[in-house]
Amino acid sequence: MFEHVETYPGDPILTLNETFIADTRAGKINLGIGVYLNDASKLPVMRAVAEAETALLQSPGVRPYLPMEGAPAYRKQVQRLLFGADSAALAAKRIATAQTLGGSGALKVGGDFLKSYFPKAQVWICDPTWDNHRAIFGGAGFTVNAYPYYSAALQHVDFDAMLAALGKVPAGDIVVLHACCHNPTGADLSEQQWRTLATLVRERGLLPFFDIAYQGFGAGLDEDAFAIRHFVAEGIPLLVASSFSKNFSLYGERCGSLSIVCDNAPEADNVLGQLKAAVRRNYSNPPTHGARIISAVLENPALDAEWTGELNAMRGRIQAMREGLYAQLRALRPDRNFDYLIKQTGMFSYTGLTVAQVRKLREESAIYLLESGRICIAALTQATLSTVAAAIAKVID
Ligand code: PLP
Ligand code: TYF
């Protein structure tokens, strides 16, 4: 019956992670998978999360099915974080927001919704991007194209090439944009570039789909939402997929959201209805536990402040690792330029290391990076920094 089912080659990032786990060498270092680790190389349990969860467990509630669109309290807090407490679009009730299974679930529900209502549109993703973008939008039935983004020669975004390409995209097509902390390169647009892009998107009638999986890891919670808020202020209809996996360190609870910013409240009502239908067809309704923790934190001013403080400290730790790696590499290889490390933001950097150099790091030093040269700066620690710097300095020609 199933003889025609071919072997699944596996996801490159998750397969690399499995290879790392199976590696028996002492001192192995995993800078492959995109997770934030604390300075003890552990996934953190944030204090605000632990406090909210402890309180929840003291009065265990019933576990009803949530509405298809998710928990109202959670959706309200998500909207505040993404669009700002003073958002005019929120006040006008023209944003439809659903709780989703992580950022991935938001992309999938958004993809299904778009395929139903914009069946002829094509999707444009940046080159490079998080691989799952192509898989999710392709899986939703879209033709997926790439627009130029990162230039190895510039060690940064080639904004002119990006604009030129998007200037030729047909009206009504969907453009996927990383709102902050670009995965995999760490290279983001400046505020001025976002403004220029917003003008082009509005003039050409493109439909932006923002993916924000790292809010708070770039410059701050509000700063990292700049692009989204600017596009909304410019009156551009758009979608936003958000994730709490990283900024609450709640990966396995699958907490995310999908928001669609519409022209007016009646449109938003209909759009929310169709998001419910898309959820119903996929998994009926989202889970309760993670959403309860997150809304308990965000609704409580003391816990909210504690969470923000912890998130700021995580961002500070990543920045310290960036600067530490930069300083050590410069000292070891004064002949080379490592400015990209301090120009890039968020959890990742594109090192420009070749596949051969990445393999050498893995085979000779048990240091794991993605073969694209992406390094997860957020997994470096004070204890591993010098080892990693020395190994990289050695493999570079
Ligand atoms: N979008 C981007 C750009 C990501 O890097 C990730 C996770 O790594 C996601 C979405 C998915 O997030 P989640 O784990 O919440 O599904
Ligand atoms: O490292 C990355 O870019 C991500 C990590 O279900 C990841 O791909 C792993 C599993 C998953 C979602 C994201």
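Student: Where does Ser249 lie?

Tutor: In this predicted model, Ser249 sits in the loop between β9 (238-243) and β10 (255-261).

Student: Is Ser249 buried or exposed?

Tutor: Ser249 is buried, because it has 20 C-beta neighbours inside 10 Å and 20 or more is the cut-off for that class.

Student: And what about the phi of Ser249?

Tutor: Ser249 is not a glycine, yet its phi is positive, about 50°. Most residues other than glycine have a negative phi.

Student: OK, what else is in the loop between β1 (29-30) and α2 (47-58)?

Tutor: Val45 is found there. Leaving out neighbours within four places in sequence, Val45 contacts Ala50 and Ser249, the Ser249 with the positive phi of about 50°.

Student: Why does Val45 count as exposed?

Tutor: Val45 has 11 other C-beta atoms within 10 Å, and a residue is exposed if that count is 12 or fewer.

Student: Changing topic: where are the cis peptide bonds? Start with the one that involves Pro128.

Tutor: That cis bond joins Asp127 and Pro128, with omega about 0°. Pro128 lies in the loop between β3 (123-127) and α6 (132-139). There is also a cis bond from Asn183 to Pro184, with omega near 20°, and Pro184 is in the loop between β7 (174-178) and α8 (191-204). Most peptide bonds are trans.

Student: How far is Pro184 from Gly373, C-alpha to C-alpha?

Tutor: The separation is 9.0 Å, although the two are 189 residues apart along the chain.

Student: Tell me about Gly373, then. Which loop is it in, and what does it touch?

Tutor: Gly373 is in the loop between β12 (367-368) and β13 (374-376). Not counting residues up to four places away, Gly373 touches Tyr350, Thr351, Gly352, Leu353 and Val358. It is partly exposed, because 18 other C-beta atoms lie within 10 Å.

Student: What domains does the domain assignment give?

Tutor: Domain 1 (12-45 + 304-395) and domain 2 (65-299). Their C-alpha centres lie 27 Å apart.

Student: How many residues meet across the two domains?

Tutor: 25 residues of domain 1 are in contact with 25 residues of domain 2. On the domain 1 side, α12, α13 (339-343) and β11 (348-350) each give two or more residues, and α12 gives the most, with 6. By class, that side has 13 nonpolar, 8 polar and 4 charged residues.

Student: What about the largest nonpolar core: which members touch the most others?

Tutor: Phe210, Ile228, Leu275 and Met347, out of 117 residues in the core. Helix α12 (residues 301-332) supplies the largest share, 7 residues. Domain 1 and domain 2 each contribute at least three residues to this core.

Student: Which residues does Phe210 touch?

Tutor: Leaving out residues up to four places away in sequence, Phe210 touches Leu177, Ala179, Ala227, Ile228, Leu238, Leu239 and Val240. Ile228 is another of the core members that touch the most others.

Student: Last one: what does UniProt place at residues 27-392?

Tutor: The unreviewed UniProt entry puts the feature "domain: Aminotransferase class I/classII large" there. In the model, that span is 46% helix and 15% strand, and its end C-alpha atoms lie 16 Å apart.

Technical notes. Residues numbered from 1 in each chain as written. Chains lettered and ligands numbered in written order. Predicted model: local features only at pLDDT ≥ 70, side-chain atom pairs only at ≥ 80, totals over all residues. Core = buried A, V, L, I, M, F, W, Y, C linked by C-beta atoms within 7 Å. Helix = DSSP H or I, 4+ residues; strand = E, 2+ residues; numbered from the N terminus. Domains from an automatic or database assignment. Contact = placed C-beta atoms within 7 Å. UniProt positions renumbered as here; feature names shortened; annotations may be inferred. Nonpolar A, V, L, I, M, F, W, Y, C, P; charged D, E, K, R; others polar.
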